[in-house]
Amino acid sequence: MGDTSDRVVHGLRIQIDREVCVGFADCIGVAPTAFTLGHDGVVTFTEPEHVDRAVLIEACDVCPVDALTVWNETGAQIVP
Ligand code: SF4
């Protein structure tokens with residue numbers, strides 16, 4: 001179900017819900033090294049491993065439609 005993309009970075013599991021993302025690019029504004037917009041106008045990962053953990057969390061947290069979900073090392077959901 002759904003159309004998602006996952007990446008594990010700095011112990012965080014980050015998931016993009018491609019059906020929810022509307023391409024506002026707020027996340028890219030916070031972490032331009034971690035995310036970019038694809039040709040379809042939906043965000044994709046670039047080099048999130050080169051972004052500080054706290055900045056990654058912040059970038060996911062600013063998404064206005066909660067398309068980005070983050071779980072920590074213990075499996076607890078910390079964003080949104
Ligand atoms: S902030 Fe949310 S809606 Fe905007 S590009 Fe990022 S994931 Fe997509």
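**Ground rules**

I count residues from 1 along each chain, as its sequence is written. Since the model is predicted, local features need pLDDT of at least 70 and side-chain atom pairs count only at pLDDT 80 or more, while totals for chains, interfaces and linings use all residues.

**Entry: the sheet**

I began with the strands, which, like helices, are DSSP runs numbered from the N terminus (E, at least two residues, for strands; H or I, at least four, for helices). I found an open sheet of 4 strands in the order β1-β2-β5-β6, with antiparallel pairing. Two strands pair here if DSSP finds at least two bridges between them. Which strands stand at the edges? They are β1 (4-9) and β6 (77-79), and each has a single partner strand, so one side of each lacks a neighbour in the sheet.

**Entry: β1 with β2**

I read 6 bridges between β1 and β2 (residues 12-17), which run antiparallel. Going through the partners, I noted serine 5 with isoleucine 16 of β2, aspartate 6 with glutamine 15 of β2, and valine 8 opposite arginine 13 of β2. The hairpin of these two strands has 2 residues between them, and histidine 10 takes a positive phi near 50° there.

I stopped at threonine 4, which lies in β1. Threonine 4 counts as partly exposed because it has 13 C-beta neighbours inside 10 Å. The scale I used calls a residue buried with 20 or more other C-beta atoms within 10 Å of its own, exposed with 12 or fewer, and partly exposed in between, with C-beta atoms placed from the backbone. Leaving out residues up to four places away in sequence, threonine 4 touches Gln15, Ile16, Asp17 and Arg18; contact means that C-beta atoms, placed from the backbone, lie within 7 Å.

Leucine 12, in β2, came next. Leucine 12 has 18 other C-beta atoms within 10 Å and is therefore partly exposed. Beyond four places in sequence, leucine 12 is in contact with Arg53, Leu56, Val70, Trp71 and Asn72. For a distance check, I took the C-alpha atoms of leucine 12 and glycine 41, 29 residues apart along the chain, and they are separated by 25 Å.

**Entry: β5 and its two partners**

β2 and β5 pair in the antiparallel sense over 4 bridges. Here isoleucine 16 has leucine 68 of β5 as its bridge partner, and glutamine 15 has threonine 69 of β5. On the other pairing, β5 and β6 are antiparallel over 2 bridges, with valine 70 opposite valine 79 of β6. Their hairpin has 5 residues between the strands, and in that hairpin glycine 75 takes a positive phi near 90°.

**Entry: the nonpolar core**

I looked for sets of buried Ala, Val, Leu, Ile, Met, Phe, Trp, Tyr and Cys residues joined through C-beta atoms within 7 Å, which is what a nonpolar core means here. The largest has 18 residues, and those with the most contacts inside it are Cys27, Ala31, Leu56, Ala59, Cys60 and Leu68. β2, α2 (53-61) and β5 are the elements giving two or more residues to this core. α2 gives the most, with 4 residues. I followed up Leu68: not counting residues up to four places away, it touches Ile14, Ile16, Cys27, Cys60, Cys63 and Val79.

**Entry: around the ligand**

What surrounds the ligand? I listed Cys21, Val22, Gly23, Phe24, Ala25, Asp26, Cys27, Val43, Cys63, Val65, Ala67 and Leu68, where a residue is near a molecule or strand if its C-beta atom, placed from the backbone, lies within 6 Å of it. This shell divides into 10 nonpolar, 1 polar and 1 charged. In that tally, Ala, Val, Leu, Ile, Met, Phe, Trp, Tyr, Cys and Pro count as nonpolar, Asp, Glu, Lys and Arg as charged, and the others, Gly among them, as polar.

Methods. Two residues are in contact if their C-beta atoms, placed from the backbone, lie within 7 Å.
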